[in-house]
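Have a go at each task before you read its solution.

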Amino acid sequence: MSRGGRKGTTLLDAMQQKAARPRRRVLLPLPLAGAYDYGVPEEIDPPPEPGAFVQVPLGGRETLGVVWDGEADPDLPERKLKNITGVLEVPPMTASLRRFVEWVAAYTVSPPGAVLRMAMSSPSALEPPAAKAGWRITPAGRAALAGAGRLTATRQRVLEAMTGELDDEPHLAATIAQAAGVSTGVLRGMADAGLLEPALIARAVEFPVPDLNKQGAALAEDQQVAAAAMREAVAARGFSVTLLQGVTGSGKTEVYLEAVAECLAQGRQALVLLPEIALSSQWLERFQARFGCEPALWHSELGSKRRRDTWRALAEGRVQALVGARSALFLPFPDLGLIVVDEEHETSFKQEEGVIYSARDMAVVRARLSEAACVLVSATPSLETLVNAETGRYASLNLPVRHGGATMPTVSVIDQRVTPPERGRFLSPPLVEAIREAIGRGEQAMLFLNRRGYAPLTLCRTCGHRMRCPNCTAWLVEHRIQRRLQCHHCGHAEPIPPTCPECGAEGSLTPLGPGVERVQEEASELFPDARRLVMASDTLPGPAAATEAARAIQAREVDLIIGTQIVAKGWHFPHLTLVGVVDADLGLAGGDLRAAERTVQLLHQVAGRAGRAEAPGRVLLQSWNPEHPVMQALVSGDLDGFMQAEADQRRPGHWPPFGRLAAVIVSGEDERETDTIARDLGLEAPGGEGVEVLGPAPAPLALLRGRHRRRLLLKVRRDVAVQPILREWLSRVRIPASVKVQVDVDPVSFL
Ligand code: ADP
Ligand code: ZN
């Protein structure tokens with residue numbers, strides 16, 4: 001490990017250099033400033049090329065890294081150079097992935113090693129696959145099977161099973177014995193007789209190959225046009241970005257699966273990014289129906305063995321199609337031909353921890369560096385993407401109607417000022433009536449409230465004390481089923497106290513406001529006979545539970561669904577005809593830049609669950625503010641007009657996408673120290689034409705997981721690049737190890 005050791009160069013060093021070992025730059029998956037130089041010992045011949053995964057010593061231990069491009073420092077004295085200790089037997093990291101790592105690092109102002117780490121997220125995949133001892137048939141065994149020698153019936157069965165059902169490959173004794181219905185002792189006997197011999201079984205796990213001969217659905221005319229355009233973009237084998245916009249139920253998925261088919265036919269790999277992969281059982285079924293097998297998966301709930309097998313198979317080109325969460329962007333695709341970003345407007349594509357990046361934007365970059373097509377899919381595209389489509393940077397395809405003659409649901413507002421719910425209730429009389437009617441007709445209804453738990457706030461009626469998290473600037477949320485108060489930011493939980501911790505009054509703590517559990521309680525009183533199902537991330541832990549819920553709904557075993565935003569995720573519920581939004585104003589409260597845009601996107605997506613070909617749908621929005629442009633847009637269905645108005649609001653002040661933002665978040669356990677650093681950054685703030693810094697100010701979450709947080713916001717005109725300004729700015733303030741400074745380029749969250 002040595003960097004820039006120019007000072008120590010002596011004549012002796014220079015002479016030694018002549019007979020010097022080859023040198024390589026090696027990037028390590030650690031948040032270091034850059035690559036380190038290493039020597040290549042004689043035993044490693046030929047010396048590894050850029051992209052090779054290598055083992056190197058670092059501070060007294062061995063670590064893995066990647067040989068990086070560029071010349072090692074020739075002035076570094078030979079004696080300071082440590083040796084690469086091994087080259088791993090895996091396909092090297094492709095040049096396009098190396099450029100991607102560099103690009104993401106530069107864009108997000110992160111150390112390249114921190115980004116490399118995301119591309120090496122399955123280190124055990126780099127180890128050689130463990131070979132196991134098994135058996136295969138000898139030439140003598142084959143001859144015997146062909147009738148050249150006498151075989152007992154058992155031995156005959158073994159050889160037949162091995163050449164038939166076991167594909168004539170080496171297998172474990174136990175596998176063979178089971179397939180042939182014999183004991184493993186029989187195999188040993190056969191080995192002694194020269195019919196079998198030991199053989200190694202590679203551990204490689206096979207991934208199913210999508211069947212390209214299968215036909216997709218017969219497409220309607222506008223679907224055909226869109227599919228053909230995307231097939232063409234993929235077949236061009238070059239970079240392109242296409243926005244596929246279409247109302248919910250217009251067949252966007254059906255259509256982009258055609259682009260996937262084209263990509264696979266081209267012999268290139270396809271990647272589909274979904275916002276909630278763990279909730280995507282219905283999507284997987286559709287892939288299966290289209291291609292006859294499941295795609296490979298990549299998400300955080302994948303077990304480590306599956307991760308390793310997938311990573312390795314993908315690197316070796318044995319996986320054709322993969323569907324994953326945002327981290328799948330960093331996988332070692334040897335020849336990526338297509339990236340689809342479904343529900344491209346979803347904020348969950350933004351990674352908020354570690355290297356803060358937008359998977360949607362980085363998908364475009366990865367596609368460019370891979371000469372691949374990128375397709376962004378949404379019923380309600382982000383303003384960023386719409387503007388790119390309007391200015392012609394992205395191609396644009398539109399599916400304006402629902403498939404199969406289904407109509408869009410009718411949306412109306414229930415004015416809470418005119419027909420409010422009863423005291424202590426949350427469902428207004430018109431909504432209750434509509435649910436009763438829908439269920440009475442044997443249809444399904446859904447209540448949507450984007451809030452987990454029973455009540456978002458617990459208040460003492462005697463002294464007004466509010467129960468708050470000790471580690472965060474947040475109220476504790478009551479979860480009545482678990483009988484606990486929980487913080488949704490840090491996971492802190494405590495039992496509901498019998499008395500007020502402030503004034504000691506007994507039985508005085510009262511829940512304020514609704515969460516889904518409370519709506520479920522109210523529904524159980526109003527519709528006692530209805531079969532109800534709560535869908536929230538804590539009531540449906542994990543993919544299996546979500547799959548089962550979707551099945552029960554499709555099988556009409558449920559009358560009323562009560563859910564948080566997870567119900568919005570692209571589900572197809574053919575018997576659902578009524579959606580009631582309990583609090584349509586909820587998302588507008590925070591008032592950040594995109595609050596209105598996000599509320600429209602979310603509510604439109606929720607509304608899209610209602611009504612398919614079989615039955616028209618109806619959506620009721622409970623609101624205290626029916627005149628709000630968000631409600632008006634949802635009622636009229638004029639989302640284009642709404643986005644136009646959004647654009648008109650943001651353009652004059654150079655707000656995104658008409659200007660650029662970068663947030664700097666300062667956090668530390670010590671409040672004064674955190675304030676000092678934030679103030680220093682404020683004092684050193686860059687300025688000049690088209691450059692502005694807002695703050696420092698306490699973050700809305702001024703305390704998070706016990707850390708104090710201050711925010712600064714850099715705002716520049718669109719033609720100004722933020723990264724050089726950020727780098728220069730941050731270099732001017734010395735930041736102690738106890739304080740963390742995070743950079744968030746293109747922030748989505750302002751908390
Ligand atoms: P979106 O992704 O736009 O919401 P989907 O692709 O999920 O739309 O399509 C909605 C429903 O319509 C799905 O059940 C899908 O299978 C069906 N569908 C769409 N297009 C066709 C088609 N051409 N033929 C048959 N079914 C279709
Ligand atoms: Zn907390």
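**Exercise 1. Work out how the donor residues of the zinc ion (ligand 2) are spaced in sequence, and what arrangement the donor atoms make.**

Step 1. Start with the sequence: the spacing of the donor residues reads C-x2-C-x14-C-x2-C.

Step 2. Two of these cysteines connect distant parts of the chain: cysteine 469 sits in the loop between strand S19 (457–460) and strand S20 (477–479), and cysteine 490 in the loop between strand S21 (484–486) and strand S22 (493–495), 21 residues apart. Strands here are DSSP runs (E, at least two residues) and helices likewise (H or I, at least four), numbered from the N terminus.

Step 3. Now name the donor atoms: they are the SG atoms of Cys469, Cys472, Cys487 and Cys490, 2.2 to 2.4 Å from the zinc ion. Donors are N, O and S atoms within 2.8 Å of the metal (3.2 Å for Na, K and Ca); water is not among the atoms, so sites may look incomplete.

Step 4. Check the angles: the 4 donor atoms subtend 104 to 115°, so the arrangement is tetrahedral. Four donors count as tetrahedral if all angles lie between 85 and 135 degrees. The ideal angle for four tetrahedral donors is 109.5 degrees.

A note on the source: this is a predicted model, in which local features need pLDDT of at least 70 and side-chain atom pairs count only at pLDDT 80 or more, while totals for chains, interfaces and linings use all residues. Residues are numbered from 1 along each chain as its sequence is written, chains are lettered from A and ligands numbered from 1 in the order in which they are written, and side-chain values use heavy atoms, with hydrogens and water left out.

**Exercise 2. Decide whether cysteine 469 is buried or exposed.**

Step 1. Recall the cut-offs: buried means under 20% relative accessible area, exposed over 50%, partly exposed in between (1.4 Å probe, protein chains only).

Step 2. Cysteine 469 has 1% relative accessibility, so cysteine 469 is buried. For cysteine 490 the value is 25%, which means partly exposed.

**Exercise 3. Find which polar atoms of the protein ligand 1 meets.**

Step 1. An oxygen atom of ligand 1 lies 2.8 Å from a polar backbone atom of glycine 249.

Step 2. Turn to the side chains: a nitrogen atom of ligand 1 is 3.3 Å from an N or O atom of histidine 403, and an oxygen atom of ligand 1 is 3.5 Å from one of histidine 572. A polar contact is a pair of N or O atoms within 3.5 Å.

How values were computed
Polar contact = N/O pair within 3.5 Å; in protein donor to acceptor, adjacent residues only side chain to side chain. Tetrahedral: all angles 85-135°; square planar, octahedral: opposite > 155°, others 65-115°.
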